[in-house]
Amino acid sequence: MRRSDVIDWLKATGISLIVYGHVAHATTVPWTPPIYVKQLGVTLFLFATGFTLARERRDPVEVLFNRLFPVYLFGLATALVITTWGLLSQTGLALSNYLPFLGGANVVFNNFPANPTTWYLGTYLHLLVLWAVWLRRVRLGTSTILALLVIEIPVRAVLITWAGPYIAYMFLTNWIAVFVAGLVVGGRPSSDPDDSAVPYAVALVGGLVVWSIAVEPLGIKPTFPFMTVEQWSPMLSTVAVSAAVSFLYLSSTLTAYAALRRVVAPAPVRFIARHSLIIFLVHMPVFLALNPVLSALHMTTASKVAVQLLVCLPGLAGLSAVVMGVVRPKDLRERLFAALNRGRRHAAGELPFLEQQ
């Protein structure tokens, strides 16, 4: 099995959960209260990020540049297209879409950007910087994850109460335990397990079914981005919900990883994984544009969901393949990094001998 199989599975599964959670939101509400299933798609991405960072041996500046270059390239391009469309249609410039690229400034506003999924880019930036300046230097283990849970749960509850639920959701402390779990697991020696993935998949699905049945009597209200237990006091509800969020994030992600690392990733999974960035950036504007068109055709809800899934997953993956072939972002990234490196060496007076001639 290729070493990257599990990463391809995590990314493809993650983006599929996110897209499905958006195009068929109503069907997912009872699945994983007090969170929504698309949030588990985010945890899979962050776990995969931590997993791969744990195996990095390059200079952290190079690592950050390589990871952030395509995010800024295609993220800003998407924001500019939306602004241009808003200008032409007089529907607004959607300037909030640029906040994630200003040092992740979006996380201090109690709402999402106009293109809502791009909230993640600010959080992703903050977690990468945290890894570069601190986490890569310290020894991480299971005890670290447990210690972070002790911080994560009350901080999330405090932010929900005093800063707002969207800030609590976007702030890095909402995701830190699952991100560090990826670092811990990725830092361990790897081997190909020879047992079946089925027991782990059954445990994941069965566990979530049991969970949803067990919490149903609480009468959880589907507020966003976290649900609430209305029959409890606000303080008790917030603390209990925060604890449940951390439990679901971590247990579901680790069980999913245990299942997926036992399965070879077929070509369609690798294809979706390879193009997950553009799918992630573009699928919500496409979904929102498709909605009125499909509604005007008087399609059933199931038919609308099927069309939107086809367009927003394999359709956008195909579009991404075309864009990648034209833009060649890897080549652009390498040339720009080399140019920046030359400029840095010039400034430091550290040019190689031949360049000094």
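Trainee: At what angle do the axes of helix H1 (residues 5-23) and helix H12 (residues 276-296) cross?

Mentor: Roughly 5°, and the two axes come within 11 Å. So H1 runs roughly parallel to H12. The cut-offs: under 35 degrees is roughly parallel, over 145 roughly antiparallel, 65 to 115 roughly perpendicular, and the rest oblique. The axes are lines fitted to C-alpha atoms, for helices over the stretch in contact, with angles from 0 to 180 degrees between N-to-C directions. Helices (H or I, at least four residues) and strands (E, at least two) are DSSP runs numbered from the N terminus.

Mentor: Before we go on, this is a predicted model, where local features need pLDDT of at least 70 and side-chain atom pairs count only at pLDDT 80 or more, while totals for chains, interfaces and linings use all residues. Numbering starts from 1 along each chain as its sequence is written, and side-chain values use heavy atoms, leaving out hydrogens and water.

Trainee: Which residues of H1 and H12 meet?

Mentor: From H1 you have Lys11, Ile15, Ile18, Val19, His22 and Val23; H12 brings Ser276, Ile279, Phe280, His283, Met284 and Phe287. By class, the residues of this H1 and H12 contact are eight nonpolar, three polar and one charged. Contact here means heavy atoms within 4.5 Å. Nonpolar covers Ala, Val, Leu, Ile, Met, Phe, Trp, Tyr, Cys and Pro; Asp, Glu, Lys and Arg are charged; the others, Gly among them, are polar.

Trainee: And how does H1 pack with helix H11 (residues 267-274)?

Mentor: At an angle of about 70°, with axes 8 Å apart. H1 and H11 are therefore roughly perpendicular. Asp8, Trp9, Lys11, Ala12 and Ile15 of H1 make the contact with Val269, Arg270, Ile272 and Ala273 of H11. Those residues split into six nonpolar, no polar and three charged. Note that Lys11 and Ile15 of H1 turn up here and also in the contact with H12.

Trainee: How do I read burial along a helix, and which residues of H6 are buried?

Mentor: An α-helix has 3.6 residues a turn, so residues three or four places apart point the same way. In H6, the buried residues are Ile145, Leu148, Leu149, Glu152, Arg156, Ala157, Leu159 and Ile160. Buried means under 20% relative accessible area, exposed over 50%, and partly exposed in between (1.4 Å probe, protein chains only). The buried residues of H6 pack against helix H7 (165-170), helix H8 (176-186) and helix H10 (234-260). Length fits as well: the 21 residues of H6 (residues 142-162) should span 30 Å at 1.5 Å a residue, and the end C-alpha atoms are 30 Å apart, which agrees. That expected span is 1.5 Å times one less than the number of residues.

Trainee: Which residues of the largest nonpolar core touch the most other members?

Mentor: In soluble globular proteins, nonpolar side chains tend to be buried together. Here the largest core has 89 residues, and Leu10, Tyr120, Phe179 and Val180 touch the most other members. H5 gives the most to this core, ten residues. A core is a set of buried Ala, Val, Leu, Ile, Met, Phe, Trp, Tyr and Cys residues joined through side-chain atoms within 4.5 Å. Setting aside neighbours within four places in sequence, tyrosine 120 contacts Val42, Phe45, Leu46, Thr49 and Phe280.
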